[in-house]
Amino acid sequence: MFKELAQDFIMKQVSSQISKATWIDADAIHKVTDEWLGSIILWLAKNVGSKEWAEWLFDAVKKDHDGSILDNIDSLFGEQKQEEWWKILDHIFGNKKEAIETQIGKDTGLDMWQVASILKTVAPLVLGMLGKQTKDNWFGLDDIVWMLTNEKEEVAKKSEWLWIFGKLLDQDGDGDFDMIDAFKLAT
């Protein structure tokens with residue numbers, strides 16, 4: 001499962017560096033990462049329902065997030081890359097980014113700055129892992145959509161956090177995120 005692979009990689013390979021860079025202990029990083037990975041999988045799976053967004057994601061993982069960052073973790077912490085990492089969060093979550101950061105902060109006891117610092121560091125890793133999966137498995141656009149959709153269902157079965165993000169996405173109050181909600185988010 002993609003979420004477990006990403007969590008395992010982050011906790012074994014990167015958490016100590018994130019902790020040093022942000023002054024946040026490893027347990028808090030684990031909590032934020034666990035909650036956030038579920039939310040980003042949900043969000044990516046919902047977004048790839050749009051052909052235009054799915055094409056953007058596919059192009060991004062093929063061109064800019066091919067997995068090479070996984071072999072060069074130190075590049076996560078360079079000053080010149082920080083702005084790029086913030087843009088990833090803005091592009092994926094749009095105007096819901098602050099609401100998600102706030103909710104994760106409430107759930108973990110961290111302030112928004114701490115949560116945002118972790119998320120901006122982890123975001124390129126997730127896209128890099130998705131890019132590596134794409135490259136290693138010769139995935140096409142339909143394969144990425146299929147993988148994220150299946151992953152979303154697995155995460156939903158196991159995640160205690162998932163309802164939070166579904167609630168944030170549900171714009172019409174009917175209990176699910178659908179095309180009506182997507183339209184309301186876009187306007």
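Buried means under 20% relative accessible area, exposed means over 50%, and partly exposed covers what falls in between, worked out with a 1.4 Å probe on protein chains only. Keep that in mind for helix α5, where Glu-98 and Lys-106 are exposed. This is a predicted model, so local features need pLDDT of at least 70 and side-chain atom pairs count only at pLDDT 80 or more, while totals for chains, interfaces and linings use all residues. Residues are numbered from 1 along each chain as its sequence is written, and side-chain values use heavy atoms, with hydrogens and water left out.

**The big picture**

- The protein chain has nine helices and zero strands; both are DSSP runs numbered from the N terminus, with helices being H or I of at least four residues and strands being E of at least two.
- Going along the sequence, the pattern reads α-α-α-α-α-α-α-α-α.
- Of the 187 residues in the protein chain, 48% are buried.
- Take the contacts (heavy atoms within 4.5 Å) with a separation of 6 or more: 73% of them are between residues 24 or more positions apart.

- Helix α5 covers residues 97-108, which makes twelve residues, and it reaches 16 Å from its first C-alpha to its last.
- That is close to the 16 Å expected at 1.5 Å a residue, where the expected span is 1.5 Å times one less than the number of residues.
- The buried residues of α5 are Lys-97, Ile-100, Glu-101, Ile-104, Gly-105 and Thr-108.
- They sit on the same side of α5 because they cover an arc of only 135° around the axis; the arc is that of the directions from the helix axis to the C-beta atoms.
- Over on the other side of α5 you'll find Glu-98 and Lys-106, which are exposed.

**Salt bridges**

- Side chains of opposite charge can pair when their charged atoms come close.
- A search of the whole structure turns up four salt bridges, each being a side-chain nitrogen of Lys or Arg within 4 Å of a carboxyl oxygen of Asp or Glu.
- One of them joins Lys-12 and Asp-8, at 3.2 Å from N to O.
- Lys-12 and Asp-8 are about one helical turn apart, because they are four residues apart in helix α1.
- Lys-12 counts as exposed because its relative accessible area is 62%, whereas Asp-8, at 38%, is partly exposed.
- Another links Lys-51 and Glu-55, at 2.8 Å from N to O.
- Lys-51 and Glu-55 lie four residues apart in helix α3 (residues 51-63), so about one helical turn separates them.
- Lys-51 has a relative accessible area of 57%, so it is exposed; Glu-55 has 33% and is therefore partly exposed.
- Lys-132 and Asp-136 form a salt bridge too, with their closest N and O atoms 2.7 Å apart.
- Both Lys-132 and Asp-136 lie in helix α6 (residues 112-136), four residues apart, or about one turn of the helix.
- Lys-132 is partly exposed at 37%, and Asp-136 is partly exposed at 45%.

**An aromatic pair**

- A pair of aromatic rings is described by the distance of the centres and the angle of the planes.
- Rings of Phe, Tyr and Trp (its six-membered ring) pair if their centres lie within 6.5 Å; planes under 30 degrees apart count as stacked, over 60 as edge-to-face, and the rest as tilted.
- By this rule the count comes to one aromatic pair.
- Trp-53 and Trp-56 make up that pair, which is tilted, with 5.0 Å centre to centre and 55° between the planes.
- Trp-53 and Trp-56 are three residues apart in helix α3, so about one helical turn lies between them.
- Trp-53 is buried because its relative accessible area is 13%, while Trp-56 is partly exposed at 30%.

- Ser-15 is in helix α1, and at 7% relative accessibility Ser-15 counts as buried.
- The side chain of Ser-15 reaches the backbone oxygen of Met-11 at 2.8 Å.
- Leaving out residues up to four places away in sequence, Ser-15 touches Ile-10 and Ile-29.
- Thr-22 also has its place in helix α1 (residues 2-22), and Thr-22 counts as buried at 7% relative accessibility.
- The side chain of Thr-22 reaches the backbone oxygen of Ile-18 at 2.7 Å.
- Apart from its neighbours within four places in sequence, Thr-22 is in contact with Trp-113 and Ser-117.

How values were computed
A polar contact is a pair of N or O atoms within 3.5 Å; within protein, one must be able to donate a hydrogen and the other to accept it, and residues adjacent in sequence count only if both atoms are side-chain atoms.
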